[in-house]
Amino acid sequence: MKKIILFLSAIVGLFAVSCDSETTPITPSINLSQNRIDAWYEAAEFSVEVEATCSWSATSDCDWVVIKTETGSKGGSVLQFSLLENNGDAVRTAKIVVANEEYGLAEELSISQEVFRDEYLEISYTSTDNKVAEPFDATAFGVEIESNIYENGAGKIRFKSAVLKIGESVFYGCENLKSIALPNSVIEVAGWAFSDCVYLENVTLGNRVKSIGESAFGACVRLKEITIPESVETIGESAFFGCSAMSAFYGKFASEDNRCLIIDNVLMNFAPKGIRVYEIAEGVTAISAMAFYESRLTDITIPQSVTSIGDYAFYYSESLKSVYCKSVMPPVLGESVFDNFENGKDTPIGCKIYVPTESVENYKAAENWSKYERYIVGHDF
């Protein structure tokens, strides 16, 4: 009898363990990391992440989309496919369906592929003297120029194939360049591309530009405003330094007041025209190199959120009288931030630097701040 009781107890124990080990059933699902792709006319490879709790298969509704990953298992996986070049005369669309028929699940990926357009071969511009604007380095386009003519008040550079890049220093110091419009084929404006184009007033960037390089528009002293396309992902340091006539930035990365370009809380550039007193918005964590270079500001307020200020950030800001730095901890300070260049060396502008009263000695002792020791003053914010 005792053995029977022990046997029954063991069975009950096993049943209990079995019940405890049961997990909540997983709900079948399929999710794509993106549901739309706008593609260039050229052949290209793509990959899209698939999060699925079940197996899946992928199908396309056209033959110019070639699926390389036809099936996938549950868990993280990747849908890979390629597009053939669009040699037609119209934009075309396609659809990929990622599905599990057993559970009735389906996710759609819509694809739109551009067609080649003649405009991709041309850059339009105007000049101050109604003459051809000669590139400083024509090889920097990466494609061969077919012609560069100026007639009826407008210039046109035509290429033998689609121009994808405005290369490094390509228009550097082109003094008669007044305005320029880039085709939608361009994806990069490289460093110093338009630097020192002192009569350049208007720039139209194409809607596929992804990067604007370091000092790309540096010292374009007549450039009034610019719209950054939504396609732009990166802007290099001091891309618009010394643009003293700049009054506004529009589009992607523009601040609410249109005076700054701010990327990941870093204030990259400032539009100084017609403004003397400015307060940087709370939440900005860094000021990039040369961001306020040669501004005409008399007063600037730096919020306590700022932890670093880049080299030459306020260089040649000769009108600057008062700097209000609210941070209790001295921000990391770059080289010659509040300097002019005089008599062969960098020397302090002489502006008063107001910091929290309890932090005066810390500022005076901090690296590079110590250079401005005599100008640092306590202030109750």
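**Entry 1: residues with positive phi**

I began with S238, which is found in the loop between strand 19 and strand 20 (248-251). I kept in mind throughout that the model I was reading is a predicted one. S238 is not a glycine, yet I found a positive phi of about 50° for it. I noted for myself that most residues other than glycine have a negative phi. Is S238 buried or exposed? S238 counts as buried, because its relative accessibility is 4% and the cut-off for buried is under 20%.

I then turned to N343, another non-glycine residue with a positive phi of about 50°. N343 sits in the loop that links strand 29 (339-342) and strand 30 (345-348). With a relative accessible area of 80%, N343 is exposed, whereas S238 is buried.

**Entry 2**

Strand 21 (residues 260-263) runs antiparallel to strand 22, and four bridges join the two. Within this pairing, I saw L261 standing opposite N269 of strand 22.

Strand 22 also pairs with strand 24 (residues 286-287), this time in the parallel sense and over two bridges. Here I recorded A286 of strand 24 as the bridge partner of V266. I then asked how many of the five residues of strand 22 (residues 266-270) are buried. Four of them are, so strand 22 is largely enclosed by the rest of the structure.

I traced an open sheet of four strands, paired in parallel, and wrote down its order as 13-15-17-19. Strand 13 (165-166) and strand 19 (234-235) stand at the edges with a single partner strand each, and therefore one side of each has no neighbour in the sheet. Inside the sheet, I followed strand 15 (residues 188-189) to strand 17, to which it is joined in parallel by two bridges. E188 stands opposite S211, which belongs to strand 17.

**Entry 2: strand 18**

In strand 18 the covered face carries I226 and I228, while E225 and T227 make up the uncovered one. Strand 18 runs parallel to strand 20, with four bridges between them, and I226 from the covered face stands opposite F249 in strand 20.

**Entry 3: surface patches**

I looked next for a nonpolar patch on the surface and found one formed by F136, Y172 and W192, which together have about 310 Å² of accessible area. Where does W192 lie? W192 is in the loop between strand 15 and strand 16 (202-204). Its relative accessible area is 31%, so W192 is partly exposed.

I also listed the members of a negative surface patch, namely E168, E214, E237, D311, E335 and E367. Of these I followed up E214, whose place is in the loop between strand 17 (211-212) and strand 18 (225-228). E214 counts as partly exposed because its relative accessibility is 43%, which falls between the 20% limit for buried and the 50% limit for exposed.

How values were computed:
Residues are numbered from 1 along each chain as its sequence is written. This is a predicted model: local features need pLDDT of at least 70, side-chain atom pairs count only at pLDDT 80 or more; totals for chains, interfaces and linings use all residues. Side-chain values use heavy atoms; hydrogens and water are left out. Patches are made of residues with over 30% relative accessible area and no salt bridge: like charges are joined within 9 Å, nonpolar side chains (Val, Leu, Ile, Met, Phe, Trp, Tyr) within 5 Å. Accessible areas come from the Shrake-Rupley method with a 1.4 Å probe; for residues, only the protein chains shown count as cover. A salt bridge is a side-chain nitrogen of Lys or Arg within 4 Å of a carboxyl oxygen of Asp or Glu. Lys and Arg count as positive and Asp and Glu as negative; His and the chain ends are not counted. The place of a charge is taken as NZ of Lys, CZ of Arg, CG of Asp or CD of Glu. Buried means under 20% relative accessible area, exposed over 50%, partly exposed in between (1.4 Å probe, protein chains only). Two strands pair if DSSP finds at least two bridges between them.
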